[in-house]
Amino acid sequence: MKHTLEKLWDEYFAEECAVIDTEEERMFLRKAAEVHKKASELLTKEQNNAIEKYTEALYDIQAYLIKKAFFKGCEFAISLFVDAGNFGKT
C-alpha cells in the first residue's frame, strides 16, 4: 500500500497542491517575497547564506511532515472504510 500512496503523492497530489491559484495564496507569496527582500538587504552575504540553508532545512521538514500527514490520513480513511464494512459482523 505504501508504494501506491507514494505513487499517488508523487504523480498527483504534490503537483496539484503546489499550484498557486487563489488570491490568498498569492498574497502569502507576495508577503514572503517582501520579507525575504528586506532581510536580504539587512544581512551580509554570509548571513544570507546561513538563513537560506536554514530556510531550506525548514522546507525539507515541512515537506516531509505534509507527506507523512497525507499518508496517515489515507491509512486512517482506509481503516475506517474497512471497519465500516465489517460493522455488525461478528
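Begin by selecting leucine 80, which lies in helix α3, where a helix is a DSSP run of H or I with at least four residues, a strand is a run of E with at least two, and both are numbered from the N terminus. Leucine 80 has a relative accessibility of 46% and therefore counts as partly exposed, the class between buried, under 20% relative accessible area, and exposed, over 50%, with a 1.4 Å probe and protein chains only.

What is on display is a predicted model, in which local features need pLDDT of at least 70 and side-chain atom pairs count only at 80 or more, while totals for chains, interfaces and linings use all residues. Residues are numbered from 1 along each chain as its sequence is written, and side-chain values use heavy atoms, with hydrogens and water left out.

Colour the chain next by pLDDT, the predictor's confidence in each residue from 0 to 100; the mean for the protein chain is 89, and 98% of its residues reach 70 or more. Confidence is lowest in helix α1 (residues 2-17), with a mean of 81, and highest in helix α2 (residues 23-42), with a mean of 95.

Stay in helix α3 and select asparagine 48, which is buried because its relative accessible area is 16%. Leaving aside neighbours within four places in sequence, asparagine 48 is in contact (heavy atoms within 4.5 Å) with Ala39, Ser40 and Leu43.

Now select Leu5, Trp9, Phe70, Phe71 and Cys74, the five residues of the largest nonpolar core, a core being a set of buried Ala, Val, Leu, Ile, Met, Phe, Trp, Tyr and Cys residues joined through side-chain atoms within 4.5 Å. The elements giving two or more residues to this core are α1 and α3, and α3 gives the most, with three. Within this selection, centre on phenylalanine 71, which touches Lys2, Leu5, Glu6 and Trp9, not counting residues up to four places away in sequence.

Finish at the largest pocket by selecting Ala32, Val35, His36, Thr55 and Tyr59, which lie nearest its centre among the 14 lining residues. A pocket is an open set of points on a 1 Å grid over the protein atoms alone where a 1.4 Å probe fits, with protein on both sides within 12 Å along at least five of seven lines, and lining residues have an atom within 4 Å of a point. The largest share of the lining, eight residues, comes from α2.
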